[in-house]
Amino acid sequence: MIFSITHQTDYCYDKPVSLSVHRFFLFPRLGPNVSLQSYHLKVNPGGRGNWLRDEWDNHFYQVYFPDKTDHMEVTLSMLLDRGDTNPFAFLLAPEALHYPFPADPFSTGVCEPFLRTGLSADDESPILPWTRQQQFMEQGDTVSVIVAWLEQFSEKIAYGTRDEPGVQPPALTLSQGTGSCRDIAVLAAAFLRLKGIPSRLVTGFLHTPEEEIETDNTDPGSELHAWVDVFLPGAGWRGVDPTNGVFCDHQYIPLAVGHTLKATHPFQGTYYSDHPVTSRVHTDLQVRLEEDT
């Protein structure tokens with residue numbers, strides 16, 4: 001199936017400002033069943049730019065802006081060929097069929113950073129007591145346990161849009177029982193890490209067919225979305241979405257992965273001025289399914 005993705009973001013400043021070096025994580029993570037038919041990224045005003053890869057093997061476009069400007073426009077268009085994906089088309093290693101399973105020494109060493117929550121004690125300490133209170137499963141068939149965890153996050157933490165930048169503290173997400181997709185992803189990743197399952201944060205595009213948008217707790221339509229990858233012995237990295245309570249299929253198009261969500265943000269940079277400046281941002285994103293193959 002072919003996805004047509006267009007993404008326009010306009011930053012406007014009421015006075016000319018200096019722009020720092022910017023990194024744009026807007027190139028999809030490709031694979032055997034994911035390929036590009038066309039891709040175009042334009043940044044205006046034009047600066048000196050080049051493509052690089054970070055420590056997590058994400059591609060990003062880095063731009064240097066030599067002159068002051070009162071605006072920055074980022075325009076992305078691409079056609080992506082994404083094969084139909086069964087999210088459960090994998091085999092676990094025999095020792096990982098039942099949770100909790102013993103840690104594999106090699107995988108644990110490689111994935112060790114993805115077992116550290118990176119949270120303060122105030123944000124980490126309520127997570128496991130909260131999951132015990134909500135009666136999260138403690139053992140059983142590994143896939144069934146993870147599916148049950150995802151469903152409980154989706155049921156217990158209501159999805160809501162939030163315009164404030166950054167991530168809401170997990171303790172606040174728990175106490176309020178609501179959060180944006182990025183808040184829920186950070187909370188779920190911390191829980192999974194505390195339960196011994198290596199997890200990384202993911203930012204990308206989500207296409208939700210209109211007929212599947214049924215409840216207020218479903219993250220809708222054409223969205224920049226955040227979810228989690230979990231590392232399962234024998235299956236490798238698998239995408240899971242605690243906001244919608246599912247394993248990820250072909251509707252999920254990852255752009256960047258990392259230990260923290262901040263490292264995966266599609267737009268990374270800032271602006272400087274000797275005087276107070278008012279800024280505005282407008283974003284338009286469209287993710288459309290063009291045809292079936």
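Among contacts (heavy atoms within 4.5 Å) in the protein chain between residues at least 6 apart in sequence, 74% join residues at least 24 apart. The model is predicted, so local features need pLDDT of at least 70 and side-chain atom pairs count only at pLDDT 80 or more, while totals for chains, interfaces and linings use all residues. Residues are numbered from 1 along each chain as its sequence is written, and side-chain values use heavy atoms, with hydrogens and water left out.

**Overall fold**
- Six helices and 18 strands make up the secondary structure count of the protein chain; these are DSSP runs, with helices being H or I of at least four residues and strands E of at least two, numbered from the N terminus.
- The C-alpha trace spans about 60 × 50 × 40 Å along its principal axes.

**Burial**
- Of the 293 residues, 48% count as buried, meaning under 20% relative accessible area with a 1.4 Å probe and protein chains only.

**Second largest pocket**
- Its volume is about 510 Å³; a pocket is an open set of points on a 1 Å grid over the protein atoms alone, where a 1.4 Å probe fits, with protein on both sides within 12 Å along at least five of seven lines.
- Lining residues (an atom within 4 Å of a point) number 22, and R82, D229, W237, G239 and P254 are the closest to the pocket centre.
- β11 (199–207), β12 (222–232), β13 (236–241) and β15 (252–258) each supply at least two lining residues.

Note on methods. Points joined across faces, edges and corners; volume = space filled by probe spheres on them. Buried < 20%, exposed > 50% of the residue type's maximum accessible area, 1.4 Å probe, protein only.
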